[in-house]
Amino acid sequence: MPSMLLLTSLLLQVALTTAYPDIARRVAEGKAKRQIVPAVPFPEYPGLPYHAAFNSFNATAQLVDVTGAHAWIAPGPNDIRGPCPGLNAAANHNYLPRNGIATYETVETGLFEAYGLDQSATQVLQQTTTFFDGDPASQRWSIGYHSDATSSLGPLQGLLGEETGICAYGHLKSEGDASITRGDFLAPEMNSNCASYPVFFQELLDLATEMNSGNINAPVLAAHQNNRKLYSIANNPNYFSPAFAGVAFTPAAHLFVFELMANHSAEYPRGLLTPSVLESFFSYTRSSDGSLSYTYGYERIPENWYRRSLEDLWTMPDILEAVAQQCLSYPQTCAVGGNTNGVNTFSGVDIGDISGGAFNSASLTNPAELGCFISQNIQAEAPSSLQNVFDGVALVSALALIPTQLLPALVPLGSCPGLPPGKTVSEYGTGYPGSIIQNSGPRANGP
């Protein structure tokens, strides 16, 4: 329940640091299973080539305001927070609405002002998330779990179906398994896909120590994504990676951590992400003995933090390039499919079957083809997502918004004429126990 957010935050701060006394063993086991040597070296500065040579810094323009209207305020009892630390921090600093209900205007402007995320990326984020997890008529979506506030019908929407938000029952739409530090929704344990788990956060820090003297960079995050998928396959009998959430959203989110959270300076114009900055963004603090403590929803933009230059924005073409680079370096990252009969029973889905023969697995290493594959899948999934939420006249009205709102937003994914219809998760996920999409159920709609 949203009204329990503050109590839940306090409980999680205590519980997540004491619930896993075998955290050292888990981390050690995770290290033993790591495969951090990529098939192809992952670039230090992914995305379009010019980023690697960018060498400009403007302190006045890049300093992010965390005072006045943008001062950090803890979420109130009815404010929603969710799985994405960048969105949570933006809401805590009023770059997104403090209540956690994102709108078209605030996504377009707030994420640009806070992080330097280009509007070619935010328009894809806004419309896909609205059609999959929110309300295309109101253009509102929850950055966490379900809320009546997203719907243009208000509480009456519940008579038709629930708009899920991006976590809890938003699973497999915008949110997928093997996230940076969140749990898998259908795993037998550590299964909140809204909350962060210290064991996974510590694994990321340890990997940064092994690979980059403690600081977090893009190669570390690409390797961490690979490790997280291997962990889920080995520990979650219901692990499933769908085409959009698994291939596009989750790998892109891993690289967002460096591209949008690194601190910039004249010495580091391309960014430096230290553990202390990461801990602030992910709502972690350290006790005197060095142990980590996590508080749900308290993500914070650090003071004296400088975003990436507005001459060096992170764009949709960068995201496609970077995800394609992950698919090349770590092919498992981009494998569609899941466990079929318990842990370690991963079976892949043929990309050609999903795409009507338009693409194959090699296509995912080509940014242009990857963009068209993602666009095709979004177009396939949108009608079924709406059918889970709307009915009758409301469904007809929502479907009518696909050509006028959704399709124009997909233009940054590339020009893709003549694409055959793609398949939905319900069509290609048959035989995978973790592929069933639910919009509501018995589990708590929260952390």
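How much space lies in the largest cavity? The answer is about 750 Å³.

## Basis of the model

This is a predicted model in which local features need pLDDT of at least 70, side-chain atom pairs count only at pLDDT 80 or more, and totals for chains, interfaces and linings use all residues. Residues are numbered from 1 along each chain as its sequence is written, and side-chain values use heavy atoms, without hydrogens and water.

On a 1 Å grid over the protein atoms alone, a cavity is a set of points where a 1.4 Å probe fits but cannot get out, whereas a pocket is an open set with protein on both sides within 12 Å along at least five of seven lines; lining residues have an atom within 4 Å of a point. Points are joined across faces, edges and corners, and a volume is the space filled by probe spheres set on them.

## Cavities

Four cavities of 30 Å³ or more are counted. The largest cavity is lined by 39 residues, with C84, F249, A252, A253 and F256 closest to its centre. Helix 9 provides the largest share of this lining, 10 residues (helices are DSSP runs of H or I, at least four residues, numbered from the N terminus).

The second largest cavity holds about 60 Å³. Its lining consists of Y45, H51, F258, E259, H264, R270, R308 and D312.

## Second largest pocket

The second largest pocket contains about 210 Å³ of space. Among its 18 lining residues, E381, S384, V425, S426 and I437 lie nearest the centre. Helix 13 (367–387) gives the most to this lining, with four residues.

Note on methods: Helix = DSSP H or I, 4+ residues; strand = E, 2+ residues; numbered from the N terminus.
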